[in-house]
Amino acid sequence: QEFSDLEISNLNELIAFRNAVNAGNTFKNQTVTVTADINMESVENWTPIGTSANPFKGTFDGGDNTISDLNVVGENNVGLFGYATEANIKNVKIVNANVKGTDCVAALIGQGYASTYIDNCHVSGSIQVEGQTNVGGIVGKYYARVTNSSVIGDGVATSYVKGTYKAEDFEGDNIGGIMGHAGENNTHSGNTVKNITISGTRKVGGLIGTTDRATDIDACLVDNVVIGCTAEENYANDKASTTTLGGLVGNYYGES
């Protein structure tokens, strides 16, 4: 049995963990394990775990338990987690997610920098994720591998990951079913996106919006997904060379 430095069995304990991280406890070299299902319906607007100033740096193990009815409205680094670095996140199941922000927006984690992996994490049910740039079903912007994970909505008419135009540089780009923006030198494998609409002005992909250099994609599936471009005509003409969409990846700098 894997030793856990902290166990979370209910919403109050999850809130206490969040507060500790946001106050500066990074949990580096520690494992945090969820031991029971947690319903978040009573939280009108969840404050994400971790900020750019106080990131999460440990291992978070969801224990294959369900975290349901997540509601988050914020600006940058928005999700169940806001910001993590040198971190691992695994075995998390999120059912029903309504998440809205500006930059780095997703159900699981807004942004992860210099992290190790996300593995066996799943978002399902009613999925409504919306932002202006770096928007994904699981992660907005992430410099680490994502494996064996899925985003499965309740239908293309109701579930979505959406990028909307706000202003130059916040224009609805880097939008993906799993990740909005994937950092370089990683392999993403065994991921699935189903039954959802992915849309934005440019750099929109069923799996990943934009990948950086030396990114590999292996054994991934996109099924019953609508990929849409919401750019107005003048914008599309002005940005014609970068208004890219793809079934798997919108904008690709790597080797398949």
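I took two strands as paired if DSSP finds at least two bridges between them. The model is a predicted one.

**Entry 1: strand pairs**

I started with strand β10 (residues 103–105) and strand β14 (residues 133–136), which run parallel and are joined by two bridges. Within this pair I found Val105 opposite Val135 of β14.

I then looked up the sheet that holds them. It is open and made of six strands, in the order β6-β10-β14-β21-β25-β29, with parallel pairing. β6 (76–78) and β29 (245–246) each have a single partner strand, so they stand at the edges, and one side of each is left without a neighbour in the sheet.

Next I followed β26 (residues 208–211). It pairs with strand β22 (residues 179–182) in the parallel sense, over three bridges. Here I noted Ile208 of β26 as the bridge partner of Met179. β26 also pairs with strand β30 (residues 249–251), again in the parallel sense, over two bridges. In that pairing, Thr210 has Asn251 of β30 as its bridge partner.

**Entry 2: aromatic rings**

How many aromatic pairs are there? I count eight, taking rings as paired when their centres lie within 6.5 Å.

I looked at Phe17 and Phe56. Their ring centres are 5.7 Å apart and their planes stand at 85°, so I recorded the pair as edge-to-face. Phe17 belongs to helix α1 (residues 11–22) and Phe56 to the loop between β3 (38–39) and β4 (59–61), so the pair ties together parts 39 residues apart in sequence. Phe17 is buried at 2% relative accessible area, and Phe56 is buried at 0%.

Phe17 also pairs with Phe60. Their centres are 5.9 Å apart and their planes at 20°, so this pair is stacked. It links Phe17 in helix α1 with Phe60 in strand β4, 43 residues apart. I found Phe60 buried as well, with a relative accessible area of 0%.

Ring pairs join Phe17, Phe27, Phe56, Phe60 and Phe81 into a cluster.

**Entry 3: charges over rings**

Which ring lies under the charged end of Arg18? I found the ring of Trp46, with its centre 4.5 Å away. I also noted Lys162 over the face of Tyr160, at 4.3 Å from the ring centre.

**Entry 4: salt bridges**

I found four salt bridges in the structure.

One of them joins Lys28 and Glu86, with the closest N and O atoms 3.3 Å apart. Lys28 is in the loop between α1 and β2 (31–34) and Glu86 in the loop between β7 (81–85) and β8 (88–90), so the pair ties together parts 58 residues apart in sequence. Lys28 is partly exposed at 42% relative accessible area, and Glu86 is partly exposed at 37%.

I next looked up Lys239 and Glu168, whose side chains meet at 2.7 Å, N to O. Lys239 lies in the loop between α2 (233–238) and β29, and Glu168 in the loop between β19 (165–167) and β20 (170–171), so parts 71 residues apart in sequence are tied together. Are these two buried or partly exposed? Lys239 is buried at 15%, whereas Glu168 is partly exposed at 45%.

Glu171 lies in strand β20 and Arg202 in strand β25 (residues 202–205), so the pair ties together parts 31 residues apart in sequence. Glu171 is buried at 1% relative accessibility, and Arg202 is buried at 9%. Salt bridges with shared partners join Glu171, Asp173 and Arg202 into one network.

How values were computed. Residues are numbered from 1 along each chain as its sequence is written. This is a predicted model: local features need pLDDT of at least 70, side-chain atom pairs count only at pLDDT 80 or more; totals for chains, interfaces and linings use all residues. Side-chain values use heavy atoms; hydrogens and water are left out. Helices (H or I, at least four residues) and strands (E, at least two) are DSSP runs, numbered from the N terminus. Rings of Phe, Tyr and Trp (its six-membered ring) pair if their centres lie within 6.5 Å; planes under 30 degrees apart count as stacked, over 60 as edge-to-face and the rest as tilted. Buried means under 20% relative accessible area, exposed over 50%, partly exposed in between (1.4 Å probe, protein chains only). A charge sits over a ring if NZ of Lys or CZ of Arg is within 6 Å of the ring centre and within 35 degrees of the ring normal.
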